[in-house]
Amino acid sequence: MDECCIPGPPSGYDREFDDRFARRLAREYRRDGLTASAQLILDFAASVGLEGASVLEIGGGIGDIQLEALKRGAAHTTNVELSSAYEPEAARLLDEAGLRGRATRVLGVDVAGEPEAVEPADIVVLHRVVCCYPDYRGLLGAAADHGRRAVVFSHPGHGL
């Protein structure tokens, strides 16, 4: 999805990002690896030190960045997601990689609204999330409060 979406309240995320979408993303990740933009996010995170780090990904979908961060030496990752549709594919990918024990998936927590529900991490990642969230200031503020070392986020371009 290259364009911004505004799915509305948290219940709208399940409609916008459904199980069909999750299966397609997982299939593409298995075949091609990370997208170019996700690779840039991971490379930047690695430049501030992934080895032994904790990583919090907000809105991480199927967990492809989460998996690759673990493969690059992150000690533990936490993925916070509002859409439940990603969970079956995320679990399969973690199991296939043998990394479930180093990964946590948190479903239904809105970090901007419930910041205390998630522990801080060395690196916080938001890839293609800020544009889809109705209160980007609140989301980025919560992310900044959770990042001990760095906050890495992307925002799709609009050809302005």
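Which strand is Val106 found in? Select residues 103–107 to see: Val106 belongs to strand S3. Keep in mind as you go that this is a predicted model.

**Stop 1: around Val106**

With Val106 still selected, bring up Thr78, Asn79, Val80 and Glu81, which Val106 touches when residues up to four places away in sequence are left out.

**Stop 2: the whole sheet**

Now widen the view to the strands. Five of them form an open sheet in the order S3-S2-S1-S4-S5, with parallel pairing. S3 and strand S5 (147–153) each have a single partner strand, so they stand at the edges and one side of each is left without a neighbour in the sheet. If you look along the sheet, neighbouring strands are turned by 15° against each other on average, direction ignored.

**Stop 3**

Select residues 121–126, strand S4. How many of its residues are buried? Six of its six residues are, leaving S4 mostly covered.

On one side, S4 runs parallel to strand S1 (residues 54–58), and three bridges join the two. Pick out Leu56 and you can find its bridge partner, Val124, in S4. Then move to Glu57, which stands opposite Val125 in S4.

Stay on Val125 and turn to S5, where its bridge partner is Val152. S4 and S5 also run parallel, with five bridges joining them.

**Stop 4: helices across the sheet**

Show residues 87–97 for helix H5, which lies across strand S2 (76–81) and S3. H5 runs at about 175° to S3.

Then show residues 136–146 for helix H6. This helix lies across S1, S4 and S5, and runs at about 145° to S5.

**Stop 5: two helices that cross**

Finally, select helix H3 (residues 36–47) together with helix H4 (residues 64–71). A packed pair of helices is described by the angle between the axes and the distance between them. Here the axes come within 10 Å and cross at roughly 40°, and therefore H3 and H4 are oblique to each other. The crossing of H3 past H4 is right-handed.

Which residues of H3 and H4 meet? Display Ala38, Ile41 and Leu42 from H3, and Ile65, Glu68 and Ala69 from H4. Coloured by class, this contact has five nonpolar residues, no polar ones and one charged residue.

Technical notes
Residues are numbered from 1 along each chain as its sequence is written. This is a predicted model: local features need pLDDT of at least 70, side-chain atom pairs count only at pLDDT 80 or more; totals for chains, interfaces and linings use all residues. Side-chain values use heavy atoms; hydrogens and water are left out. Axes are lines fitted to C-alpha atoms, for helices over the stretch in contact, and angles run from 0 to 180 degrees between N-to-C directions. Helices (H or I, at least four residues) and strands (E, at least two) are DSSP runs, numbered from the N terminus. Angles under 35 degrees count as roughly parallel, over 145 as roughly antiparallel, 65 to 115 as roughly perpendicular and the rest as oblique. A crossing is left-handed if the near helix is turned anticlockwise from the far one by less than a right angle, and right-handed if clockwise. Contact means heavy atoms within 4.5 Å. Ala, Val, Leu, Ile, Met, Phe, Trp, Tyr, Cys and Pro count as nonpolar, Asp, Glu, Lys and Arg as charged, and the others, Gly among them, as polar. Two strands pair if DSSP finds at least two bridges between them. Buried means under 20% relative accessible area, exposed over 50%, partly exposed in between (1.4 Å probe, protein chains only).
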